[in-house]
Amino acid sequence: MQFKPVEEIRAVIEGTAAGMNIEIVDIVFDGKSNALTVYADTENGLDLDTCEKFHRAIDALIDELDPSYGQPYTFNVSSPGLDRPFKTRRDFERNLQREVELKLYAPLKGKKFIEGILTDFDEHSVTVKTEKEELKITLNKIAKINKAIKFE
């Protein structure tokens with residue numbers, strides 16, 4: 001199934017999201033299940049009530065846009081989850097000086113998984129302070145970077 005460009009969908013719902021203090025993290029199409037999912041978040045996380053209110057607020061806008069060119073599809077609004085990968089500059093800014101997990105495509109100093117404090121980033125790399133050293137790693141070597149999840 002073909003969907004309209006993500007940028008077009010984002011443009012239609014961005015104003016509503018901003019008015020509700022919601023950040024659109026990602027918009028994803030799943031061709032297997034014919035689903036359009038908007039991943040959203042807030043400063044304090046996205047609870048079920050806020051998720052439902054946002055879904056209702058943008059449902060008519062999405063219908064009017066007709067993102068699937070008249071074909072049936074499922075529309076979802078979801079939290080990206082605790083372990084969501086960093087995708088935007090804001091994700092990196094929000095997690096500066098916090099613990100992060102990196103999964104690498106290939107081993108670096110014998111490790112494909114690194115945990116540490118995110119101390120710096122730019123458009124090409126991140127700097128992470130581990131227990132032993134500070135590492136500057138280019139983004140093209142990182143399969144996934146996300147907030148470290150600790151259960152107490």
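Analyst: One definition to start: contact means heavy atoms within 4.5 Å. The model is a predicted one.

User: Leaving aside its neighbours within four places in sequence, with which residues is I58 in contact?
Analyst: I58 sits in helix α2, residues 48-65. Sequence neighbours within four places are left aside. The contacts of I58 are then I13, T16, F75 and V77.

User: Is I58 buried or exposed?
Analyst: Buried means under 20% relative accessible area. I58 has 0% relative accessibility. I58 is therefore buried.

User: How far apart in space are I58 and F29, C-alpha to C-alpha?
Analyst: In sequence, I58 and F29 are 29 residues apart. In space, the C-alpha to C-alpha distance between I58 and F29 is 17 Å.

User: How many salt bridges are there?
Analyst: Side chains of opposite charge can pair when their charged atoms come close. The cut-off is a Lys or Arg side-chain nitrogen within 4 Å of an Asp or Glu carboxyl oxygen. By this rule the count is 12.

User: Which helix holds both E14 and R10?
Analyst: E14 forms a salt bridge with R10, with the closest N and O atoms 4.0 Å apart. E14 is partly exposed at 33% relative accessible area, and R10 is partly exposed at 26%. The two residues are 4 apart, about one turn of the helix, and both lie in helix α1.

User: How many residues apart in sequence are the parts that E23 and R94 tie together?
Analyst: E23 forms a salt bridge with R94, the closest N and O atoms being 2.4 Å apart. E23 lies in strand β1 and R94 in helix α3, so the pair ties together parts separated in sequence by 71 residues.

User: Is E23 buried or exposed?
Analyst: The cut-off for buried is under 20%. E23 has a relative accessible area of 17%. E23 is therefore buried.

User: Where does K87 lie, and where does D26 lie?
Analyst: The side chains of K87 and D26 meet in a salt bridge, 2.7 Å from N to O. The pair links distant parts of the chain, 61 residues apart. K87 is in the loop between β3 and α3, and D26 is in strand β1.

User: Which residues do salt bridges that share partners join into one network?
Analyst: E23, whose bridge to R94 came up above, belongs to this network. Its members are E23, D41, E43, R84, R90, D91 and R94.

User: Which residues form a negative surface patch?
Analyst: One of them, E134, lies in strand β7, residues 134-138. The patch is formed by D120, D122, E123 and E134.

How values were computed: Residues numbered from 1 in each chain as written. Predicted model: local features only at pLDDT ≥ 70, side-chain atom pairs only at ≥ 80, totals over all residues. Heavy atoms only, no water. Buried < 20%, exposed > 50% of the residue type's maximum accessible area, 1.4 Å probe, protein only. Patch = residues over 30% accessible without salt bridge, like charges linked within 9 Å, V, L, I, M, F, W, Y side chains within 5 Å. Areas by Shrake-Rupley, 256 points an atom, 1.4 Å probe, with all protein chains shown as cover. Lys, Arg positive; Asp, Glu negative; His and termini not counted. Charge placed at Lys NZ, Arg CZ, Asp CG, Glu CD.
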